[in-house]
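Trainee: Could you walk me through this one? I'd like to know what stands behind each label.

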Amino acid sequence: MAKEEAIEFEGVVSEVLPESRFRVTLENGVSILAYGSGKMKMHRIKVLEGDRVKVEMSPYDLTKGRITFRHATPNMGGGQQRRRY
């Protein structure tokens with residue numbers, strides 16, 4: 001029997017919970033509990049409330065997931081750029 005593939009969904013972080021957990025509302029309106037993947041922790045990628053994220057879920061338990069990617073938001077960029085005259 002082959003191993004089942006992970007299902008990917010897009011969603012928005014609606015709540016930041018203790019112990020590196022997040023409440024994510026998927027684009028279809030379902031709310032799940034998710035945690036950050038190991039690579040996100042390793043590279044110290046911060047996930048905040050309101051961030052758009054990509055979530056992987058197992059087909060066996062559709063109430064939990066793993067955040068694998070955080071989409072860039074327009075206000076990311078680290079402040080204003082200096083202009084040279």
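This is a predicted model: local features need pLDDT of at least 70, side-chain atom pairs count only at pLDDT 80 or more; totals for chains, interfaces and linings use all residues.

Trainee: Why is Ser-37 called buried?

Mentor: Buried means under 20% relative accessible area, exposed over 50%, partly exposed in between (1.4 Å probe, protein chains only). Ser-37 has a relative accessible area of 10%, so it counts as buried.

Trainee: What is Ser-37 in contact with, leaving aside its neighbours within four places in sequence?

Mentor: Arg-66, Ile-67 and Thr-68. Contact means heavy atoms within 4.5 Å.

Trainee: And what makes up the largest nonpolar core?

Mentor: It has 12 residues, among them Phe-22, Met-40, Val-55 and Ile-67. The term stands for a set of buried Ala, Val, Leu, Ile, Met, Phe, Trp, Tyr and Cys residues joined through side-chain atoms within 4.5 Å. β2 (21-26), β3 (31-36) and β4 (52-58) each supply at least two residues of this core.

Trainee: Which residues does Val-55 contact beyond four places in sequence?

Mentor: Including Val-24, Ile-32 and Ile-67, the list also has Phe-9 and Arg-66.

Trainee: How many helices and strands are there?

Mentor: 1 helix and 5 strands, as DSSP runs (helices H or I, at least four residues; strands E, at least two) numbered from the N terminus. Their order is β-β-β-α-β-β.

Notes:
Residues are numbered from 1 along each chain as its sequence is written. Side-chain values use heavy atoms; hydrogens and water are left out.
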